[in-house]
Amino acid sequence: MDHLRLILLLFLFLPTCFSFTFETPSINEFTNQSSSSLKQKILELANSPSTVKWMKRIRREIHEYPELANEEFRTSALIRRELDQLGVAYNWPVAGTGVVAKLGSGSPPFVALRADMDALPIQERVDWEHKSKVDGKMHACAHDAHVAMLLGATKILQEMKDMLQTTVVLIFQPAEERGTGAKEMIQEKVLEDVGAILGLHLGPEYETGVVASRPGEFLAGCGGFKAKISGKRGLAGVPQHCYDPVLAASTSVISLQNIVSREVDPLDSQVLSVAMINAGFAHDIIPDSATFGGTYRAFSKKSFYGLRKRIEEVVKGQAEVHRCHAEVEFLGNEHPTIPPTKNDVRIYELAQQVSSKIVGEDNIELAPLFTGSEDFAFYLEKVPGTFLLLGTRNEKTGSTYPAHSPYFFIDEDVLPIGAAIHAAFALSYHSYSTNSYSF
């Protein structure tokens, strides 16, 4: 996942007809009289010293042995080990290293909770007892904690299984950082019968325990491109005999910047950045080709694919002006296209209301739009759902650096909070799906 903060913070509460009281389920719905007891039960289970210690142990074990996308064999084995000990059935392998577990009633409604589990090719610079033991690899995006929190939620739900009137689908997903994991899990039919899905990501943009999200458009769609402009090689001292691909590439880069500044509505945020240029090998030879590439981002599908279309048109047009030929490739496996992340308004409201009962109303914030991207967007194209950010900023513990930093570190006090939010969302979904929601 891209850094969860560039210049702005990452991430209205809309009026809803649902009441929001945390209640113990009866046959058909939660009852007002026992609302606080269910909330208290979840929080007691999440914050019990043994559970907190267990989640920390899991997170630290995963952190010490980070694995890159589609290589999460040890992590997958750890997850299966813990599910076995909890007595929770699962399917494996799913999309290579993924694990999908189910618990609850075994009948509709189905609700999914997702955690990603891959690490990054980064050398950890944090000096602590459980520092990465694998050179050049690090959990610098909190996926180790995501797995620990979802296992924590699994433990809570298993202990409260008599109260579950839903089937909870627990998705432990590989390859989020590559942008392909969610799509591959969907191809394995992990969303079959699922009516809603929740995704959660930790980040130091907010203080520990603050929940931030927004309804509708949230994270940008992200794509990469690479252009190759071919010309005619020759001596730089007699350029009239050459077709200069360097000049064509240079004017292409400048012209690409005009798309956002002159063709796009200023209120429709888009990004087009060229980040790589390569050409030639000598100061006095015009090369036969030049390559350049970058990223493009937008918050709506219309804008996203419109931007992609214009990139190709501009590059090919500028190449032709300079008597060259251009090929534009929109990157696939290495840098796949990820659609915009768009939260379902009603599921967003449900998640915010549930979260407020765990962290308190004062710790719920409306997030801004963010030009980072997440492959959780692929799930949201298939089923209603929401993606939220859970703060982990703590100056005392050193949890201040952004994701993908070699100094990234989390405040482990967030683990029981994330586990409780996951569990509470799953427990609340039955009454929500039957239009009798109260929590």
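Colleague: Which strands does helix H6 lie across?

Modeller: Helix H6 (residues 245-263) lies across E10, E12 and strand E14 (289-298), and runs at about 170 degrees to E12. This is a predicted model, in which local features need pLDDT of at least 70, side-chain atom pairs count only at pLDDT 80 or more, and totals for chains, interfaces and linings use all residues. Residues are numbered from 1 along each chain as its sequence is written, and side-chain values use heavy atoms, with hydrogens and water left out.

Colleague: How are the helices, strands and angles defined?

Modeller: Helices (H or I, at least four residues) and strands (E, at least two) are DSSP runs, numbered from the N terminus. Axes are lines fitted to C-alpha atoms, for helices over the stretch in contact, with angles from 0 to 180 degrees between N-to-C directions. Contact means heavy atoms within 4.5 Å.

Colleague: And which strands does H7 lie across?

Modeller: Helix H7 (residues 301-321) lies across E10, E12, E14 and E15, at about 160 degrees to E15.

Colleague: In what order do the strands of that sheet come?

Modeller: The order is E12-E14-E10-E15, an open sheet of 4 strands with antiparallel pairing. E12 and strand E15 (325-330) are the edges, each pairing on one side only. From one strand to the next the twist averages 20 degrees. Pairing takes at least two DSSP bridges between two strands; E10 (residues 221-230) and E15 have 6. Phe-225 has Phe-330 in E15 as its bridge partner.

Colleague: New topic. Where does UniProt place the "binding site" feature?

Modeller: The unreviewed UniProt entry puts it at Cys-141, His-143, Glu-177, His-201 and His-404. They span 264 residues in sequence, but no two of their C-alpha atoms are more than 13.3 Å apart, so they gather at one spot. UniProt positions follow the numbering used here, feature names are shortened, and annotations may be inferred rather than shown by experiment.

Colleague: Where are His-201 and His-404 found?

Modeller: His-201 is in strand E7 (residues 194-207) and counts as buried at 0% relative accessibility. His-404 is in the loop between strand E18 (385-393) and helix H10 (415-433).

Colleague: What is the average pLDDT of the chain?

Modeller: The average is 90, and 90% of the residues score at least 70; pLDDT is the predictor's confidence in each residue, from 0 to 100. Over residues 1-33 pLDDT stays under 50.

Definitions and conventions
Buried means under 20% relative accessible area, exposed over 50%, partly exposed in between (1.4 Å probe, protein chains only).
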